[in-house]
Amino acid sequence: MIRLDGVTVLYRDRAALRDVTLQVDAGERVAVIGPNGAGKSTLLRVVAGLLAPAAGTVELAGMPVARLDRLAVARRLAVVPQLPTLPFATTVEEVVALGRLPHEHPIRGMRPGDRAAVAAAIERVGVGHLLGRDARELSLGERQLVLLAMAVAQGSPVLVLDEPTVHLDLRHQIEVMDLVGDLNARDGTTILAVLHDLGLAAHFFPRLVLLDRGRIVADGPPAEVLAPERIREVFGVDPEFVHLRV
Amino acid sequence: MSPGSAILAARAGSTGLAGLARRPVTVAAVGLVLLAVALVAGIAAGTVPIAPADTIGILARRLLGLHVTPTWTAAAETIVIDLRLPRVLSAMVVGAGLATAGAAFQGLLRNPLADPYVLGTASGAALGAAIAVLIPVRALILQFGLIHALAFVGALGAVLVVYRLSRVGASSPMTSLLLTGYAVSSLLAAGLAMAMYLSGAGLRQIFSFLLGGFDSSSWGRLAVAAPLIALASLGILLRARALNGMLLGDDAAAHLGVDVRRERAILLALASLATAAAVSVSGLIGFVGLVGPHVVRLLVGPNARLVLPLAALLGASLMVGADLAARLLGEIPVGVVTAVIGAPFFLALLRRTRSGYEL
């Protein structure tokens, strides 16, 4: 579903990603982990076609991302944005409806099918009790769920999340992770998520990709990727501390 | 119930998915009635009052070609057709254009404080007009006096400079656009101050452009500006999807299928064109482009597909009404009227929706 082959990304002269090769199959659930500055968010931006690699190729559902226009990318891949600020009062249902932008009629707007998708996403994510409220007045946890509902309404086969649990308390972290897991298990949505919390990653994701200074240094099941020696080496902390949390 | 609480009640009354279509039809109907009343009143009232029935009769006869037996004098017909009609239509078109451009600027800069003048159009137009006054040449360009023609060029030129200067790499980030707009505006304002200082007897002419007004409206000028404003506004409306995507910021918009860099450039060009054309007709009139879109958003939410046409409708009615008030008060500048009505209204809205605006 997602294929990166020998991808290198340069920010000025600094390499944010070096020779990254990664394949994520349809229906997989993959978490990208690594210390700050390892290139996790860069990886997501490359996959979403927002950044062009200096070398290597990125394919989405068998098509090079570079050859797809924004609409075509949006129909294949939905991204849950990091809590954006809204310039105007916007109700929860109006935010969720933005997920239909890639599908709605370009001039006339949402069609009945789009409205049905919005209603279904609201139901699926369980934000029905928030309808009619200004999205800016919600708690961070509620806002994250609303953004998730927007991405679900987008109906793309791949769902990308960039630190979906940052700012959230433990209960909301687990709620969001449960939901993402369920979207993967029940709807077959392919999940690619960047996570800071190794405990959450290990618990909710069967496959972890560990990035360090722009390179993939480990890729596999949590027990293998989070080996004590590697944690000491990549994160520079006592592995005991991490394993207590896992 | 005060108008403010009616607005809040209208908003609160909409829950569930029906909230996606918050009574835009009602708002549109009220807007159309408002505009019709404003147009008829705007044509009927003035130093020579003409009965509303006669006004409608004259319009029906001359514009629709209906066979209405005149109950009015030939002078009344001339006043309506040659003086008042181009004037109210100018006000209508300028109001609609400024409100549409304001909604577009607010959306694409993601800033509720943005108005059509935010990227330098106002100071560019003012400097253009001032230069025209200083040049000892009187030319008529496409039915435009030199003042109006140079105001148009100045407005577009200023935005072009701002856009070019704000580019970082291949794109123009919105913060950079806003700050560059501010800096360029300041520079142009200095030029304007110098021009005013040097203008001597021309000062009054420059000043009256700065205050804005429709007293010198003509069919000829309207015929050039109206199509520009209409086409630019229609172009903006056709890009409502991009504006909606930009609600959540550049990256989110891109993930929702919007080619942000391209759409922003096109929207900027169209909104600036509408503003420049409007300014070239009327001079600088504030508040309609700022307040109009906000009032509409309070009624129907932020969906640009609804906000743009309804803001145009409201802007048109407001401007015709403001021009009428200006005339009835003895030809005071329209900009004074829009500020006197607009500023307190805007303050009241801000107070009622204190949590409603964040930057």
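Begin by selecting chains A and B together: the contact between them takes 32 residues from chain B and 32 residues from chain A, two residues being in contact if their C-beta atoms, placed from the backbone, lie within 7 Å. On the side of chain B that touches chain A, helix 10 (240-246) and helix 11 (250-255) of chain B each supply at least two residues. Helix 11 of chain B gives the largest share, four residues. Helices (H or I, at least four residues) and strands (E, at least two) are DSSP runs, numbered from the N terminus.

This is a predicted model, in which local features need pLDDT of at least 70 and side-chain atom pairs count only at pLDDT 80 or more, while totals for chains, interfaces and linings use all residues. Residues are numbered from 1 along each chain as its sequence is written, and chains are lettered from A and ligands numbered from 1 in the order in which they are written.

Next, select the open sheet of chain A, whose six strands follow the order 6-7-8-3-9-10 with mixed pairing; two strands pair if DSSP finds at least two bridges between them. Strand 6 (77-80) and strand 10 of chain A are the edge strands, each pairing on one side only.

Proceed to strand 9 (residues 207-212) and strand 10 (residues 215-220) of chain A, which run antiparallel and are joined by five bridges. In strand 10 of chain A, Gly220(A) is the bridge partner of Leu208(A), and Arg215(A) is that of Asp212(A). The two strands form a hairpin with two residues between them; in the turn, Arg213(A) has a positive phi of about 45 degrees.
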